[in-house]
Amino acid sequence: MKNICFISNFYFTYLWHDVSKVLQTKGFRVFWIVSNKSYHNFLIQAGVKEENILYINRGYISKPNQPVDDFQINELIYGDRVLRLEKVDAVNYLTNIQKPIYDFLLKNSVSTVLGELTWAHELLINRITRKRTELKCRFICPAVTRIPNKRFVFFKDDRQSEILEIDNNETINLESIFKVEKPAYLKNNDLILNKKRSLKSRFNKALRFLTGKDFDPNDPGLIRSGWNRFKIRSSEELNKETYRAFIRPISLSTFNDEHPYILYTLHKQPEASIDVVGRYYEDQKQTILNFWRILPPNWKLVVKEHSNAIGDRDVKFYKELTQFPNIILANANLDSYELIKKSKLVVSISGTIAYESALMGYPSIVLSPVFFRRLNYCKHISLSEIENITNIEDLISEIKNSEDNRLEFCKYIMKNSFNGTISDPNATPHVLEQENVNNLANAIEIAVKSA
């Protein structure tokens with residue numbers, strides 16, 4: 001028998017609860033760590049025993065506990081979109097929940113914790129399991145592979161650099177491996193974004209804000225201050241309108257062989273892909289300017305906004321960038337694959353654009369040690385290495401002339417990934433279909449028993 005623990009994360013709780021029911025039929029004992037009252041109540045109503053749930057809400061801010069170890073909680077606070085707004089309370093919260101988490105895992109002999117690596121308390125639990133080896137417990141994060149679609153892996157770390165290696169003995173279809181296509185979650189995000197732009201959606205959002213419907217003030221994953229929530233939401237709406245009114249990005253027809261360029265695509269922010277996976281490179285403006293510093297004469301640095309991120313940044317952000325000669329804003333709706341093909345190099349912190357570029361056979365650079373750095377056409381470099389680049393054309397040539405290991409990489413991903421869809425069931429209800437739930441449960445069973 002294996003004891004496992006899920007970390008509840010908003011709507012994903014419904015998906016993992018369905019998966020947990022299948023796992024229980026396979027002999028697993030399932031525990032939960034929850035920070036939101038609504039999902040705590042849902043689990044109780046669904047039949048989960050109270051003693052199998054650790055409820056870590058904001059109440060722990062005022063429940064002093066000695067820290068279990070040094071888990072660099074300041075780093076966690078800096079990358080958390082909510083706790084960074086209330087730093088003193090955040091220190092107390094992340095300090096005081098350490099012992100209850102440690103004791104809960106130890107008491108229940110939990111061998112595996114499954115959860116996302118987005119919120120500070122999730123990252124803290126990951127660090128507790130990695131550092132306190134006497135727990136004999138590990139943390140694995142089920143997450144989409146991005147490419148290919150409808151597959152997922154288990155990450156062991158919060159930088160998405162270490163994949164749990166399993167070898168699922170699945171027959172590999174080589175024809176599907178090299179089919180570079182937009183990740184399914186991007187298409188889904190576009191649909192969600194279009195819905196959010198409607199007048200009805202904006203009205204409902206404003207109504208929820210005014211009434212406080214479904215808002216749990218004791219959830220550390222929700223902004224407690226009404227004023228802060230108002231400022232953030234209103235700024236997003238203002239930024240969307242001013243972007244469309246004042247920003248004039250260029251079209252693809254502007255580019256030709258006479259204008260060599262490096263392509264940088266902006267991350268949506270705040271988002272785990274940049275604030276967690278890409279930590280220490282969170283300042284995207286500075287990252288862009290670091291590459292502008294080493295730009296060859298007559299080259300351009302093309303910056304493309306993420307279509308789902310319009311509203312994240314104010315007009316000042318774009319205006320300040322374009323004050324630097326040869327930095328150009330590309331239209332957010334341009335085909336990124338066409339931009340890749342015309343570019344000399346794709347640069348990203350941890351974005352899928354670099355993964356796509358490398359799979360297409362074009363050179364790319366990532367600043368975070370993400371899993372697809374294993375592709376020879378995708379080179380991982382640090383800030384200190386950027387400082388030492390004296391000729392970026394030589395670096396591009398080095399990447400282009402690397403041994404083509406795309407086939408080996410794709411076999412590696414297929415070998416250590418599983419068929420199944422992980423997504424917010426509120427946005428994609430089909431993930432709750434029994435076939436998908438069974439696929440996820442079977443994969444978790446293999447992953448847990450692989451220890």
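This is a short chat about a predicted protein model.

Visitor: What are the helix and strand counts in the protein?
Guide: There are 19 helices and 13 strands. Helices (H or I, at least four residues) and strands (E, at least two) are DSSP runs, numbered from the N terminus.

Visitor: What share of the residues count as buried?
Guide: Of 451 residues, 53% do. Buried means under 20% relative accessible area, with a 1.4 Å probe and protein chains only.

Visitor: OK, helices. At what angle do α5 and α6 pack?
Guide: About 55°, and the axes of α5 (residues 98-107) and α6 (residues 120-131) are 11 Å apart. That makes α5 oblique to α6. Axes are lines fitted to C-alpha atoms over the stretch in contact, and angles run from 0 to 180 degrees between N-to-C directions.

Visitor: Which residues meet there?
Guide: Gln98, Ile101, Tyr102 and Leu105 in α5 meet Leu124, Ile125, Ile128 and Thr129 in α6. Contact means heavy atoms within 4.5 Å.

Visitor: New topic. Where is glutamine 160?
Guide: Glutamine 160 lies in the loop between β6 (151-155) and α7 (174-177).

Visitor: What joins its side chain to arginine 146?
Guide: A polar contact of 3.2 Å. That is a pair of N or O atoms within 3.5 Å, one able to donate a hydrogen and the other to accept it.

Visitor: How were residues numbered and values taken?
Guide: Residues are numbered from 1 along each chain as its sequence is written, and side-chain values use heavy atoms, leaving out hydrogens and water. Local features need pLDDT of at least 70, side-chain atom pairs count only at pLDDT 80 or more, and totals for chains, interfaces and linings use all residues.

Definitions and conventions: Parallel < 35°, antiparallel > 145°, perpendicular 65-115°, else oblique. Buried < 20%, exposed > 50% of the residue type's maximum accessible area, 1.4 Å probe, protein only.
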